[in-house]
Amino acid sequence: MRSDARVTPPLPDPAELERRAAELLAQWRVPQTGVAVQWNRRLSTTAGRAFLRGARIELNPKLLARAPEQLPIVLAHEAAHIAAFRLFGPNIPAHGRHWRSLMRLAGLEPSITHEIPIEGRRPRRRRRHFYLRVCERCGDRQVAAAVRYGRCHGCSARDGYLVVKAPATTAGRTALERLSLAEVKALH
Ligand SMILES: [Zn+2]
Ligand SMILES: [Zn+2]
């Protein structure tokens with residue numbers, strides 16, 4: 001037994017992550033299962049991102065070392081982007097029904113909600129979060145205490161939403177209102 005056991009287990013190496021990603025793509029019946037996976041220490045707020053044409057996934061070692069239970073979810077989230085691209089081509093919404101059905105096939109909740117950290121007090125009332133819902137197709141946006149996934153008021157699409165949540169405080173609401181579409185996309 002080694003004596004230098006750490007409190008947190010080390011992060012898996014890229015070869016192990018590539019094996020797991022290939023397993024997911026095989027499970028999704030993608031003919032070509034090869035995906036490169038890399039740890040990128042320069043990522044700050046993004047847990048992971050996928051480069052579709054390059055068939056490459058980058059993961060954030062600082063965030064995922066603190067929340068190792070998120071790693072399988074983030075890896076599947078990004079792998080599903082690559083699988084959806086290979087199966088359905090480039091003209092599908094990033095988190096639309098194709099991507100969501102792949103996440104469900106992998107037994108995972110297709111959550112597209114990211115939380116932005118806000119300094120200050122936590123909300124004390126029952127309502128814990130405000131949600132910003134942005135339509136990826138037309139940019140239509142709503143800030144509300146709950147997210148609805150009906151048809152978009154702007155373009156009537158149902159499957160183009162990106163969602164960011166923040167604590168249900170004035171600072172949280174203001175932060176959500178200030179997020180640009182590009183910033184919302186960068187969080188996903
Ligand atoms: Zn829309
Ligand atoms: Zn995504």
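Cysteine 152 is buried, at 4% relative accessibility; buried here means under 20% relative accessible area, exposed over 50% and partly exposed in between, with a 1.4 Å probe and protein chains only. Keep in mind that this is a predicted model, where local features need pLDDT of at least 70, side-chain atom pairs count only at pLDDT 80 or more, and totals for chains, interfaces and linings use all residues. Residues are numbered from 1 along each chain as its sequence is written, chains are lettered from A and ligands numbered from 1 in written order, and side-chain values use heavy atoms, without hydrogens and water.

| Residue | Relative accessibility | Class |
|---|---|---|
| Cysteine 135 | 1% | buried |
| Cysteine 138 | 38% | partly exposed |
| Cysteine 152 | 4% | buried |

So what holds the zinc ion (ligand 1)? Cys135, Cys138, Cys152 and Cys155 coordinate it through their SG atoms at 2.3 to 2.4 Å; donors are N, O and S atoms within 2.8 Å of the metal (3.2 Å for Na, K and Ca), and with water not among the atoms, sites may look incomplete. The angles among the four donor atoms run from 102 to 116 degrees, making the site tetrahedral (four donors, all angles between 85 and 135 degrees). Along the sequence the donor residues follow C-x2-C-x13-C-x2-C. Cysteine 138 sits in the loop between strand 5 (129-135) and strand 6 (141-144), and cysteine 152 in the loop between strand 6 and strand 7 (161-167), so the pair ties together parts 14 residues apart in sequence. Strands are DSSP E runs of at least two residues, numbered from the N terminus.

As for disulfides (cysteine sulfur pairs within 2.5 Å), a search of the whole structure turns up zero.

Methods. Four donors count as tetrahedral if all angles lie between 85 and 135 degrees; four count as square planar and six as octahedral if opposite donors are over 155 degrees apart and all others between 65 and 115; anything else is irregular. Helices (H or I, at least four residues) and strands (E, at least two) are DSSP runs, numbered from the N terminus.
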